[in-house]
2 protein chains.
Amino acid sequence: MTYCVGMVLDRGLVFMSDTRTNAGVDNISTFRKMTSWEVPSDRVLTLMSAGNLATTQAVVSLLDERTKARELRDPSILGAPSMFQVARMVADTLREVIEEHAEGGQRADSTFHATLILGGQIAGSPPRMFMIYPEGNFIEAGKDTPFFQIGETKYGRPILVRAYEPDMSFEDAVKLLLVSFDSTVKANLTVGLPFDYHLYEVDSFRLGRQGRIAADDPYYEAISRGWGDALRDALHSLPSFRL
Amino acid sequence: MTYCVGMVLDRGLVFMSDTRTNAGVDNISTFRKMTSWEVPSDRVLTLMSAGNLATTQAVVSLLDERTKARELRDPSILGAPSMFQVARMVADTLREVIEEHAEGGQRADSTFHATLILGGQIAGSPPRMFMIYPEGNFIEAGKDTPFFQIGETKYGRPILVRAYEPDMSFEDAVKLLLVSFDSTVKANLTVGLPFDYHLYEVDSFRLGRQGRIAADDPYYEAISRGWGDALRDALHSLPSFRL
């Protein structure tokens, strides 16, 4: 399993992903699930993935190779004229990779499935964010649904639904995401630290602040410890049930 | 889907269940999912169910019929000498009902599955609580795992994990459960109000306070509205992330 969240804020895009992968519960490893591309003053793209690791690594490698050879750049995600076109390329690549492996004799192609969150901005347009399904179709975040989750989404959802604000600061967004991730880690063994993040500032057309939060990070420890107390206080502040 | 929680407290047992059942998302109804039996000064039993409604109703009807005919009472849940024996009878009944329907031509017997929470107390022993699986086996709550959830368990779990205390009052337990249920209702259409509850006081050997909380219940509305603000305040009280 995996947990990734992408959020659209007034001031930019926020991405956070965990790093745990597992084949069964007795075979776990750490892999980065977030990849970014930058063409300074033209575009920034960030992709996060949940699902079969072989599939998602193949998708990223294919997309990446096409951006490196200059003669291949035209149909590449670094040449596409809009975020919608980029999403289509990523989605087509994902579907192709899944189909290729599913044809190799395995009947259950769901084994090779993956779901992606793609966000970024291309000069001339506002930032956009998409959730891409294994079938190769996708949906876009909007005012009504300003964030996407993939992987183990349920434990961490209630706090996002309640506390997300479009005008929140990057600092508050990271705090909110750490609480959401911490709730998930506490409940599901197949989601784990460290967490990667990327904070893209609108109209900067440069990679924003990126970082990795490890299990022994003092700020994460303070949030994880403090949240339990804060929740109990919050519950205490509500009116009592009268029998 | 469904959401039911059973909790073991120092002062007794707490049960809460939602009432929504659905066949698809376009066919929803309201059914009670909690049943209680009482033999004053001898025993109190409460059963909650998640899963196929025909299965769970058949289980309850079979158990109930056997308690009513005096000559059948001996192998009944009202005659069994221990909570463990009661759990075994309930589990056997559940497995029989599932097998009977699964043999009727349908191959996917998972269609008829159900999971149960059984709690109660028989004179001479402390209160006990069990989670009963469709396979007919079961586990018992203990100090490490003092509550069980069935149905849509994920959205409402983080707050239970953080705020449950074995010495909490019934009033606080109902408040905690309402927050957990509210988080679930907000995220999953197939869990819905009204909620039923039963608060069994240890060594009373009488049905405890029972009630139903409707969507327009003023206390529920206060909790549901207040929890969003309380969560935001809780988040605000945590230290800020520094970029």
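Predicted model: local features only at pLDDT ≥ 70, side-chain atom pairs only at ≥ 80, totals over all residues.
The interface brings 43 residues of chain B into contact with 42 residues of chain A. About 4000 Å² is buried between the two chains, and carbon and sulfur atoms account for 70% of this area.

Between chain B and chain A, 16 residue pairs are in polar contact, and four salt bridges are found. One of these salt bridges joins B:D182 to A:R162, with the closest N and O atoms 2.4 Å apart. Several secondary-structure elements of chain B each supply at least two residues of the side that touches chain A, namely α3 (157–163), α4 (170–187), β11 (195–201), β12 (209–213) and α5 (218–237). The largest share, 14 residues, comes from α5(B). By residue class, the side of chain B that touches chain A comprises 23 nonpolar, seven polar and 13 charged residues.

In soluble globular proteins, nonpolar side chains tend to be buried together. The largest nonpolar core of the model contains 72 residues, of which A:M7, A:W227, B:M7 and B:W227 touch the most other members. Beyond its neighbours within four places in sequence, A:W227 is in contact with A:I159, A:V179 and A:S183 of chain A and with B:R162, B:L231, B:A234, B:L235 and B:L238 of chain B. A second, separate core of 27 residues has B:V39, B:L47, B:L118 and B:F130 among its members.

Two residues of chain B, B:S17 and B:D196, were examined individually. B:S17 lies in strand β2 (residues 12–17) of chain B and counts as buried because its relative accessibility is 0%. Excluding residues up to four places away in sequence, B:S17 touches B:Y3, B:C4, B:K33, B:M34, B:M48, B:F181, B:P194, B:F195 and B:D196.

B:D196 is located in strand β11 of chain B; at 0% relative accessibility, B:D196 is likewise classed as buried. With residues up to four places away in sequence again left out, the contacts of B:D196 include B:F15, B:M16, B:S17, B:T19, B:R32, B:M34, B:G211 and B:R212. The side chain of B:D196 makes a polar contact of 3.2 Å with the side chain of B:R32. By contrast, B:D92 is 104 residues from B:D196 in sequence and 26 Å from B:D196 in space, C-alpha to C-alpha.

How values were computed: Residues numbered from 1 in each chain as written. Chains lettered and ligands numbered in written order. Heavy atoms only, no water. Contact = heavy atoms within 4.5 Å. Buried area = accessible area lost by both parts, 1.4 Å probe. Salt bridge = Lys/Arg side-chain N within 4 Å of Asp/Glu carboxyl O. Polar contact = N/O pair within 3.5 Å; in protein donor to acceptor, adjacent residues only side chain to side chain. Helix = DSSP H or I, 4+ residues; strand = E, 2+ residues; numbered from the N terminus. Nonpolar A, V, L, I, M, F, W, Y, C, P; charged D, E, K, R; others polar. Core = buried A, V, L, I, M, F, W, Y, C linked by side-chain atoms within 4.5 Å. Buried < 20%, exposed > 50% of the residue type's maximum accessible area, 1.4 Å probe, protein only.
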